[in-house]
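Hi everyone, thanks for making time this morning. I'd like to walk you through a few local details of a structure, so let me put it up on the screen.

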Amino acid sequence: MIFVTGPLMAGKREYIRAALGLSPEEFARRAVWDVQNLAAEAPDLSALADALSQREIVIATETGGGLVPVDPAERAAREAAGRLACLLAQRADTVIRVCCGLPQALKGRLPC
């Protein structure tokens, strides 16, 4: 599994699609994105990470930057998203962080 993470609007989907030479249709079949949104409602983050890691490409937006939310539910959702990202990174063969459209391999090798 390739896990791609980075800030909002950093070019994560565009980068991995171009790096793997995927058409929009192929990308939609092989990838799942915005998985950080699934973490808040997940009763078991480990089971969610196991299920997501069966996909070829998993993309999550980093949620840990900026101001800490005042609302307890928002703080809990942000914490869950961070924990899910850690679990996905452990399971991934390749972890790529994309910022400003520039990829950085954190684990494994860049696909291009």
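Let's begin with Asp-34, which sits in the loop that runs between strand S2 (31-32) and helix H3 (36-39). Do keep in mind that this is a predicted model. For background, most residues other than glycine have a negative phi.

You'll find Met-9 in the loop between strand S1 (2-6) and helix H1 (12-20). Met-9 is not a glycine either, and its phi is positive at about 60°. Is Met-9 buried or exposed? With a relative accessibility of 77%, Met-9 counts as exposed, because the cut-off for that is over 50%.

Now over to helix H4, residues 45-52. At its start, Asp-44 has a side-chain oxygen within 3.1 Å of the backbone nitrogen of Ser-46.

Which residues of H4 are buried? They are Leu-45, Leu-48, Ala-49 and Leu-52. If you look down the axis of H4, these buried residues fall within an arc of 100°, so they line one face of the helix. And what does that set pack against? The buried residues of H4 pack against S2, H3, strand S3 (57-61) and helix H5 (72-91). S2 and H3 are the elements on either side of the Asp-34 loop we began with.

That's my tour, and I'm happy to go back to any part of it.

Definitions and conventions: Residues numbered from 1 in each chain as written. Predicted model: local features only at pLDDT ≥ 70, side-chain atom pairs only at ≥ 80, totals over all residues. Heavy atoms only, no water. Helix = DSSP H or I, 4+ residues; strand = E, 2+ residues; numbered from the N terminus. Buried < 20%, exposed > 50% of the residue type's maximum accessible area, 1.4 Å probe, protein only. Arc of directions from axis to C-beta. Contact = heavy atoms within 4.5 Å. Polar contact = N/O pair within 3.5 Å; in protein donor to acceptor, adjacent residues only side chain to side chain.
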